[in-house]
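The sequence and structure come next.

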Amino acid sequence: MLAVALVAAGCGGDEEPSGAQGAGDSTQLQDLITPGTLTVGTELPAPPFWIGDDYDSLTGGFEVDFTKEMAKRLGLGGVKYVEMPFSGLVAGQQCECDIDFSQVTVTEDRAKVVKFSQPSFDANQGVLAETGTKVANLEDAKKLRWGAQLNTTGASFITDKIQPATEGRVYDRTVDAFAALNAGQIDAVLLDTSIVLGAVDEKQVKDAEVIGEFKTGEVYGAVVNRGSKNLEAFNQVIKAMKEDGFRDQLFQKYFAEQAAVPEIPI
């Protein structure tokens, strides 16, 4: 997997990032779900990648802004967002969309059943726990009761690397794991750092904080259906958005605080 460095330093701003237009051409695209529109699948809630209560009232977010810019550069008239459960997506189920952005880490096993785009984001595994919890190393981590979302690399990391004394629990959705933490059923949740930071900011958890992260060096890719003829066009636009700095501007806007999360040695 190719990890592309994101600029994590500096302060986020309220200004809208700008990027070059015209990097794509709608004539390259074939068999769109809705002609002239980019239909994007995801699973909500997922702040700060997706900010809003439902698919028709999204107000912003890293992947919201990213896909809107993609549509512009592809010469399309707009974007439509539709629901696609994460667990089904990574299991290879077809999405009623042209492309899906769901913070999907690229892995060899997943690449056997889904078709990934160019990497669009770098990720590590963040530890969300009750405020004041200390995890300095793997030995401390083994003592905790862990939770993670089903079919995520966080769930695999708990089983394969942490190997806690109490078997980790898995939940269908991120919000289910957060609810279990709020209820005291588990001590910590392991998910991508950017996702758990968003959960704290949006108050999806109470009396909890991101206490550290394991540097796993993962990357996200968007997912297209295996029969899609548009992957090359999507990749050209994603590559341009990384090279001209648009992607990094979005990172600073939504994830500047990620640079301050301490590393937990593996």
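## Terms and basis

A salt bridge is counted when a side-chain nitrogen of Lys or Arg lies within 4 Å of a carboxyl oxygen of Asp or Glu. Side chains of opposite charge can pair when their charged atoms come close. By this rule there are 9 salt bridges.

The model is predicted: local features need pLDDT of at least 70, side-chain atom pairs count only at pLDDT 80 or more, and totals for chains, interfaces and linings use all residues. Residues are numbered from 1 along each chain as its sequence is written, and side-chain values use heavy atoms, with hydrogens and water left out.

## A linked network

Glu-69, Arg-73 and Asp-244 are joined in a network of salt bridges. Within it, Asp-244 pairs with Arg-73, their closest N and O atoms being 2.8 Å apart. This pair links distant parts of the chain, 171 residues apart: Arg-73 is in helix α1 (residues 62-73) and Asp-244 in the loop between α8 and α9 (246-255). Helices (H or I, at least four residues) and strands (E, at least two) are DSSP runs, numbered from the N terminus.

Arg-73 counts as buried because its relative accessibility is 1%, while Asp-244, at 34%, is partly exposed. Buried means under 20% relative accessible area, exposed over 50%, and partly exposed in between (1.4 Å probe, protein chains only).

Lys-229 and Asp-31 form a salt bridge at 3.6 Å, N to O. Lys-229 lies in the loop between β8 (208-224) and α8 (231-243) and Asp-31 in the segment before β1 (37-42), so the pair ties together parts 198 residues apart in sequence. Both residues are exposed.

Lys-112 and Asp-109 also meet in a salt bridge, at 3.6 Å from N to O. Lys-112 is exposed at 61% relative accessible area, and Asp-109 is exposed at 57%.
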